[in-house]
Amino acid sequence: MNEQELSQRLTVVGNAVPKGARLADIGSDHAYLPVALMLAGKISYAVCGEVVKGPFHSAQKQVAKSGLNNQIVVRLADGLAAIEAADEIDTITIAGMGGTLIASILEDGKINGQLSGKERLVLQPNVGEQNVRRWLQKEGYEILTESILAENDKIYEVIVAKKTAVKKELSPIEIFFGPHLLAEKNSVFLKKWRQEQQALEKVLGQLQKAKVVPEKKVNEIKQELAWIKEALTC
Ligand code: SAM
């Protein structure tokens, strides 16, 4: 397999990995990303971390089939526990999971000393992107770039971050939409938020019909809808 065979989603993740990187791909079902990047000559070393045995074996098989056992190590491990100090990892990719899980993997990695704070993080949450941005903000990471893409009727965001000495505070609106995505407002962004608007309006209608209206949730949704309306019209 080569880089061209990756999904568009994983290609965008791979594009954010610097040339010559020592990569840890966490949640590396099939090891597709590290294998494609290694075959393309883009990375120099990789660790694939997988917590579930089935995908772990698939990753092992893929690496062996590609003749990359000397350059890619596959480890059965929970989150960043797959990383050892001697790996000298400088880039971490975590793709295809929920934002809450990605944030908790990073938090555990920080607590357990597996995240040095020097790595470039390339994160692709399937949902709950706000949780990822909130964690990055809390830990003093700068969001360097953000991408948004549509593939197979789904919309994905890719967030690239690095810890910086000067902390740039994001507003709640930037956390919600993504600072770069909001500044750019490309066609996929507009499509995503039109869809979200429809979904939230439906939920709001249902909540307002409830016997006991959950005021806190209703106000939260109203606030989000106001932000979305503004983002879509300005
Ligand atoms: N990263 C690949 C991609 O984007 O196509 C695979 C995504 S797959 C949906 C998510 C993978 O993450 C699963 O194989 C799952 O077992 C693994 N995973 C979930 N939680 C994990 C954790 N805490 N540590 C390591 N792997 C994890």
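**Close-up 1. Crossing of helices α1 and α2.** Helices α1 and α2 cross with right-handed geometry; a crossing counts as right-handed if the near helix is turned clockwise from the far one by less than a right angle, and as left-handed if anticlockwise. The model is predicted, with local features needing pLDDT of at least 70 and side-chain atom pairs pLDDT 80 or more, whereas totals for chains, interfaces and linings use all residues. Residues are numbered from 1 along each chain as its sequence is written, and side-chain values use heavy atoms, without hydrogens and water. The axes of α1 (residues 8-15) and α2 (residues 32-39) are 10 Å apart, at an angle of about 60°. α1 is therefore oblique to α2 (under 35 degrees is roughly parallel, over 145 roughly antiparallel, 65 to 115 roughly perpendicular, the rest oblique). Axes are lines fitted to C-alpha atoms, for helices over the stretch in contact, and angles run from 0 to 180 degrees between N-to-C directions. Helices (H or I, at least four residues) and strands (E, at least two) are DSSP runs numbered from the N terminus.

**Close-up 2. Packing of α8 against α9.** The axes of α8 and α9 (residues 215-233) come within 10 Å and cross at roughly 150°. This makes α8 roughly antiparallel to α9. The crossing of α8 past α9 is left-handed.

**Close-up 3. The largest pocket.** The largest pocket holds about 390 Å³ of space. Its lining has 17 residues, with Asn126, Val127, Ile155, Lys192 and Glu196 closest to the centre. A pocket is an open set of points on a 1 Å grid over the protein atoms alone, where a 1.4 Å probe fits, with protein on both sides within 12 Å along at least five of seven lines; lining residues have an atom within 4 Å of a point. Points are joined across faces, edges and corners, and the volume is the space filled by probe spheres set on them. At least two lining residues come from each of α5 (129-138), β7 (154-163) and α8 (187-208), and α8 supplies the largest share, 5 residues. Domain 1 (3-168) and domain 2 (188-233) both contribute to the lining of the largest pocket, so this pocket lies between them; the domain bounds come from an automatic or database assignment.

**Close-up 4. The second largest pocket.** The volume of the second largest pocket is about 260 Å³. Among its 20 lining residues, Ile26, Val51, Asp78, Gly79 and Ile105 lie nearest the centre. Two or more residues of this lining come from each of β2 (43-50) and α4 (99-111), with α4 giving the most, 5 residues.
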